[in-house]
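Biologist: I have a structure open and would like to learn how to read it. Could you walk me through a few features?

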Amino acid sequence: FRNCSSLTSITIPNSVTEVGGGVFCGCNSLRSVILSENMTSLPSFDGYGFFENCTSLTSITIPNSVTSIGGYAFSSCSSLTSITIPNSVTSIGYAAFYNCSSLTSITIPNSVTSIGGSAFSSCPLTDITCYAGVPPTCSSDVFSSDVYSSATLTVPAVSKNDYLITSPWDAFLNVETMDVTYYQLSVTSSDENMGHVSETKKYYTPNEVVEIWAEPYNGYKFTGWSDGNTDNPRTLTLTQ
């Protein structure tokens with residue numbers, strides 16, 4: 001659909017699980033978008049972002065199935081004033097929101113672990129809320145240089161010190177905290193010489209679905225968890 005300048009709305013049904021890169025790039029009349037709740041990414045292709053230059057797009061809700069926002073995904077969406085990033089997204093690509101000239105606030109969920117360079121550069125951000133218990137990995141150009149002195153960064157109280165010593169988050173002059181309930185999960189092997197077990201991150205939000213997995217070393221095999229469950233990997237919903 002690239003450069004379909006008369007396209008004003010699109011609905012992608014839930015039967016669709018995969019959409020090609022840059023498919024709506026340059027659709028500058030596109031205002032209404034409903035995405036499939038079974039697609040997993042907003043990919044780019046050959047330098048074209050998924051919704052790049054969709055200058056009439058004012059807001060969009062990304063489905064909970066999406067785990068990655070590709071490079072240039074919303075670049076130069078000049079009318080975009082709000083964006084809901086679900087707690088399923090783990091990575092935000094290079095220049096994903098570059099030059100979104102109406103975007104003044106952004107909320108980054110706990111699930112995000114990495115943000116590409118220039119992801120929010122040339123955005124007039126005044127409020128940045130980051131729920132990530134561990135500061136996401138990113139470079140100093142992720143935000144415009146003036147944002148570090150003018151915007152307010154709000155982070156979980158339990159993680160404030162981590163943000164204050166982690167680049168580029170330590171460059172923010174105005175840092176506030178919020179009370180957020182987190183759960184921590186510890187998984188151990190009954191014998192570290194035979195294999196190890198892993199979980200995905202340090203902090204989890206209540207009712208978050210978590211994947212854990214066991215990796216046996218050469219000559220050994222995984223037989224089960226301590227409660228008799230044999231799924232590997234295994235998913236858990238944290239409620240306490």
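Biologist: Does S76 count as buried or exposed?

Modeller: First, some ground rules: this is a predicted model, where local features need pLDDT of at least 70, side-chain atom pairs count only at pLDDT 80 or more, and totals for chains, interfaces and linings use all residues. Residues are numbered from 1 along each chain as its sequence is written, and side-chain values use heavy atoms, with hydrogens and water left out. Buried means under 20% relative accessible area, exposed over 50%, and partly exposed in between (1.4 Å probe, protein chains only). S76 counts as buried because its relative accessibility is 17%. Its phi is near 60°, a positive value in a residue other than glycine.

Biologist: Where is S76 found?

Modeller: S76 sits in the loop between β5 (68-69) and β6 (82-84). Strands here are DSSP runs (E, at least two residues) and helices likewise (H or I, at least four), numbered from the N terminus. S122 also has a positive phi, near 65°, and lies in the loop between β9 (114-115) and β10. At 33% relative accessibility, S122 counts as partly exposed.

Biologist: How should I read strand pairing, and which strand pairs with β11 over five bridges?

Modeller: Two strands pair if DSSP finds at least two bridges between them. Strand β12 (residues 174-178) pairs with β11 in the parallel sense over five bridges, and V155 stands opposite T177 in β12. Strand β10 (residues 127-130) is also parallel to β11, over three bridges, with T129 opposite T154. In β11 (residues 152-156), five of the five residues are buried.

Biologist: What is a nonpolar core, and which residues touch the most other members of the largest one?

Modeller: In soluble globular proteins, nonpolar side chains tend to be buried together. A core is a set of buried Ala, Val, Leu, Ile, Met, Phe, Trp, Tyr and Cys residues joined through side-chain atoms within 4.5 Å. The largest core has 54 residues, and F51, F74, I92, F97 and F120 touch the most other members. The elements giving two or more residues to this core are β8 (105-108), β10, α1 (147-150) and β11. A second, separate core of ten residues includes Y183, V187, I212 and A214.

Biologist: Which peptide bonds are cis?

Modeller: The bond from S167 to P168 is cis, with omega near 0°, and P168 lies in the loop between α2 (160-164) and β12. The bond from N232 to P233 is cis too, with omega near 5°.
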